[in-house]
Amino acid sequence: MTENNLAIIVLAAGQGTRMKSRLPKVLHEISGRPLVGHVLTTATALGADIVEVVVRHERDQVVAALAESYPAARIVDQDEIPGTGRAVQVALDELPDEFGGDVLVLSGDVPLLETSTLRALIDAHHAAHAAATLLSAHLADPTGYGRVIRDAEGGVARIVEQKDATPDEAAVTEINAGVYVFRAPLLRTFLARVDQNNAQGEMYLTDVIGLLREANQPVAAEVADDVAATFGVNDRAQLAEAGRVLNARIVRHWQREGVTIVDPATTWIDDDATLAPDVTVLPNTQILRATTIAAGATIGPDTTLVDCEVGEDAVVRRTDANLAVIGANATVGPFSYLRAGTVLGEGGKIGAYVETKNAQIGEGSKVPHLSYVGDATIGRGVNLGASTITANYDDVNKHRTEIGDEVHTGSHTVLVAPVRLGAGAKTGAGAVVRKDVPAGALAMSVAPQRNIEGWVEKNRAGTGAADAATRARSAE
């Protein structure tokens with residue numbers, strides 16, 4: 001027995017041929033999670049002790065994905081007999097023999113269901129004392145869905161798959177969402193009577209509804225308030241539409257939590273992201289995976305953050321960042337690229353056309369523009385001149401650069417790792433630093449400037465530069 005006398009079966013065995021993909025349909029993602037992940041997240045919130053996932057097509061790939069994020073789910077393998085009825089049957093066989101509660105059946109490709117919808121379905125099932133209760137919806141275009149056929153009294157008579165429907169049945173707009181609650185003992189009994197006598201040669205779970213009605217068992221239907229909750233994903237167009245609907249829900253949630261989102265249509269926020277009140281999100285921004293953004297931060301426009309942490313009142317604009325930490329009151333961008341392992345301290349700056357990787361940049365330190373900083377530790381109050389580069393790779397290994405507090409580098413400095421600059425050290429413009437620089441020292445590696453008079457007129461005669469030089473010399 002489960003604590004709530006409820007077992008959940010998630011159907012994820014289908015091939016999903018209309019996706020035309022090497023990836024199993026249920027592993028295609030919206031809002032940072034695979035389709036089946038959204039279903040499992042919603043289902044497990046119901047508190048059932050038993051959650052089973054039925055797999056078959058690309059079985060190992062699906063199981064590996066579930067093991068990482070949903071290790072409590074029990075895996076059940078479907079055999080060679082096709083159809084949703086058979087999938088549920090093999091899952092029932094894995095339940096404890098004494099289990100006599102309710103079985104909630106969900107499809108792994110219906111990702112927009114909310115826990116409240118499922119609770120309402122279960123409550124309706126109990127209120128009706130039904131043998132089975134299904135979730136339905138009315139669609140203007142029901143193409144592709146099984147139709148719910150009602151009897152003369154308005155009760156559920158049966159479900160007809162589209163390929164088996166007559167023209168009159170196909171004209172029905174009430175569709176079956178593929179979500180059911182059954183009394184377990186009756187489900188076992190009537191599944192055993194289902195055959196494969198249909199256009200697809202499959203065991204349809206929907207046939208159980210007709211068999212129950214023939215046996216005068218009560219069958220109920222709960223019409224979903226939110227039609228979008230019933231959307232199934234069968235191809236890439238439906239995948240995009242489901243993603244749009246779910247993203248709109250997420251965006252609206254954060255707006256109601258005190259986040260300013262200037263343009264919801266161009267803002268994408270994953271399910272696992274977290275935003276504090278008074279965050280401002282500007283257009284064309286993506287906040288993905290487990291990114292967290294603290295109060296008062298401004299993100300965007302034209303910014304993508306993946307698994308990042310942004311501190312209070314930070315400003316991040318026109319930036320691509322992955323697995324980076326941005327401190328409070330720091331500024332990043334425009335046109336910055338923060339790769340994994342970047343940590344920018346409080347009040348720090350990463351400016352225009354800067355790339356960082358595995359770099360710890362201290363409080364108040366600045367990498368203003370046109371620089372690459374990789375595999376480096378930078379102290380407090382540092383200023384790297386324009387086009388400073390940490391040359392961290394020797395064609396075999398990566399090496400670190402260490403920069404102490406209050407170091408200032410001249411423009412176009414190259415720091416050839418492994419190398420260390422002591423606190424307060426400075427470099428001249430164009431320096432190539434191959435040796436450690438002591439604290440407070442100035443490193444220079446450029447030869448004294450030498451001017452060769454008349455070189456342009458002699459070597460570039462007849463050019464615009466030569467003519468300009470001649471005029472300037474005459475004027476002098």
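**A residue, its contacts and the cores**

Tutor: Leaving aside neighbours within four places in sequence, Thr390 is in contact with Tyr372, Val373, Gly374, Ala376, Thr401 and Leu415. Keep in mind that the model is predicted.

Student: Which strand does Thr390 lie in, and is Thr390 buried or exposed?

Tutor: Thr390 is part of strand 32, which covers residues 389–391. The cut-off for buried is under 20% relative accessible area. Thr390 has 1% relative accessibility, so Thr390 counts as buried.

Student: Which element gives the most residues to the largest nonpolar core?

Tutor: The largest nonpolar core has 57 residues, and Ile269, Leu275, Ile293, Val310 and Ile326 are those with the most contacts inside it. Two or more residues each come from helix 8 (236–256), strand 28 (355–361), strand 30 (372–378) and strand 36 (419–421). With seven residues, the element that gives the most is helix 8.

Student: What does Ile326 touch, not counting residues up to four places away in sequence?

Tutor: Ile326 is among the residues with the most contacts inside the largest core. With those sequence neighbours not counted, Ile326 touches Glu309, Val310, Gly311, Ala314, Val316, Val332, Leu338 and Leu344.

Student: How many residues are in the second, separate core?

Tutor: Leu11, Phe99, Leu134 and Leu205 are included in this second core. Its size is 37 residues.

Student: How far apart are the end C-alpha atoms of residues 9–135?

Tutor: In an unreviewed entry, UniProt lists residues 9–135 as "domain: MobA-like NTP transferase". The span is 35% helix and 22% strand. Its end C-alpha atoms lie apart by 15 Å.

Technical notes: Residues are numbered from 1 along each chain as its sequence is written. This is a predicted model: local features need pLDDT of at least 70, side-chain atom pairs count only at pLDDT 80 or more; totals for chains, interfaces and linings use all residues. Side-chain values use heavy atoms; hydrogens and water are left out. A nonpolar core is a set of buried Ala, Val, Leu, Ile, Met, Phe, Trp, Tyr and Cys residues joined through side-chain atoms within 4.5 Å. Buried means under 20% relative accessible area, exposed over 50%, partly exposed in between (1.4 Å probe, protein chains only). Helices (H or I, at least four residues) and strands (E, at least two) are DSSP runs, numbered from the N terminus. Contact means heavy atoms within 4.5 Å. UniProt positions are given in the numbering used here, feature names are shortened, and annotations may be inferred rather than shown by experiment.
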